[in-house]
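Follow the chain through its aromatic contacts, its backbone exceptions and its surface charge.

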Amino acid sequence: MTEAVLTISDRIQSQLDDLTRAERQLAHSILENYPASGLGPLSALAKDAEVSVPTVARMVQKLGFSGYPEFQTELREELKAKAKNPIAKHDTWAEGAPSEHLLNRFTDAVIDNVRHTLGQIDPAEFDLACRLSADTNHHLYIVGGRVTHTLAEYLFLHMQVIRPHITHIESTSNAWPHYLLDVKEGDLFIIFDMRRYENNTLKLAEMAHAKGAKLILFTDQWRSPVHHLADVSFSSRIVVPSAWDSAVMPLLLLETMISSVQNLTWGDTKDRMEELEDMFDQTKLFRKFT
């Protein structure tokens, strides 16, 4: 991806690790309500982010702009380009509902999240994550937190069918250190850590990393501290018009990964699925319509 096609959001996310604490706080504030957050006066942006005016000026220059006016001009150009997009021109997603209805506003936000997130993902890194996840020579550990445990459980349920040697760990449990006893060099941890980032998850990642395990991280646009330890990190845009963050984008990545790993291991996976179906038949767990 060249500099010319990078959005301001892309530039901010690519430089997060190089920002000072105040600049990072500003970056989070901009991304929280992007792009509307950057359309007002410089002083208003500084006030909303609870940083100084010089902090805003410094970060704008770090992003490659000569000053705040140029920053705003670029932001307005992004909005114009978006308005010309055929998808953005669609009046409503839910027919019969006005464009301002939550169904349509929420869908617009999700589509924007998908577009921005996929634009940041390196396909080679995604393929690497899938190959690591398909490697049955090493144990796979899946870790979720207070909210993200639902994503971890979803991945675990599918991976448990696809491959052996897999463990689900809840970092919110007091028993998670027990699982580290058997971790060996080369084992793989898939970790979910979205804001608000959890201390247990970071400590678990640090200890697993110290034992030589590889880490794949699913996080948000601001990136969990685990990002610094991860071999592969996927940052999803998660902001929608809700008090809750959206799980649509990380779930899209998960389902794509499940499909890829299934294809990589299909010979063994097919045998496991057939054996599982046979056990379902024996237990009569599901109704059959014959």
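The model is a predicted one, and the values discussed here are computed from it.

The surroundings of F234 are aromatic. Together with F126, F192 and F218, F234 makes up one aromatic cluster. Across the whole structure, a search turns up six aromatic pairs. One of them is formed by F192 and F218, whose rings are stacked, with 5.1 Å from centre to centre and 15° between the planes. Because F192 belongs to strand β3 and F218 to strand β4, this pair ties together parts that lie 26 residues apart in sequence. F192 has a relative accessibility of 0% and therefore counts as buried. F218, with a relative accessibility of 0%, counts as buried too. The ring of F218 also pairs with that of F234: the centres are 5.3 Å apart and the planes stand at 45°, so this pair is tilted. The tilted class applies here because stacked requires planes under 30 degrees apart and edge-to-face requires over 60. This second pair links distant parts of the chain, with F218 in strand β4 and F234 in strand β5, 16 residues apart.

The backbone has some exceptions to consider next. Most residues other than glycine have a negative phi, and most peptide bonds are trans. Against that background, the bond joining R195 and R196 is a cis peptide bond, with omega at about 0°. R196 sits in the loop that runs between β3 (188–192) and α11 (199–210).

Two residues other than glycine have a positive phi. For E50 the angle is near 60°, and for R223 the angle is near 70°. Which loops hold them? E50 is in the loop between α3 (42–49) and α4 (53–62), while R223 is in the loop between β4 (214–220) and β5 (232–236). Are these residues buried or exposed? E50 has a relative accessible area of 68% and is therefore exposed. R223 has a relative accessible area of 16%, so R223 is buried.

Another loop, between α2 (21–32) and α3, contains G38. With a relative accessible area of 1%, G38 is buried. The C-alpha atom of G38 is separated by 9.3 Å from that of Y68, a residue 30 positions away along the chain.

The last stop is the surface. Where does negative charge gather there? A patch of negative charge is formed by D268, D271, E275 and D278. Of these residues, D268 is placed in helix α13, which covers residues 266–283. The relative accessibility of D268 is 57%, so this residue counts as exposed, the cut-off for that class being over 50%.

Technical notes: Residues are numbered from 1 along each chain as its sequence is written. This is a predicted model: local features need pLDDT of at least 70, side-chain atom pairs count only at pLDDT 80 or more; totals for chains, interfaces and linings use all residues. Side-chain values use heavy atoms; hydrogens and water are left out. Patches are made of residues with over 30% relative accessible area and no salt bridge: like charges are joined within 9 Å, nonpolar side chains (Val, Leu, Ile, Met, Phe, Trp, Tyr) within 5 Å. Accessible areas come from the Shrake-Rupley method with a 1.4 Å probe; for residues, only the protein chains shown count as cover. A salt bridge is a side-chain nitrogen of Lys or Arg within 4 Å of a carboxyl oxygen of Asp or Glu. Lys and Arg count as positive and Asp and Glu as negative; His and the chain ends are not counted. The place of a charge is taken as NZ of Lys, CZ of Arg, CG of Asp or CD of Glu. Helices (H or I, at least four residues) and strands (E, at least two) are DSSP runs, numbered from the N terminus. Buried means under 20% relative accessible area, exposed over 50%, partly exposed in between (1.4 Å probe, protein chains only). Rings of Phe, Tyr and Trp (its six-membered ring) pair if their centres lie within 6.5 Å; planes under 30 degrees apart count as stacked, over 60 as edge-to-face and the rest as tilted.
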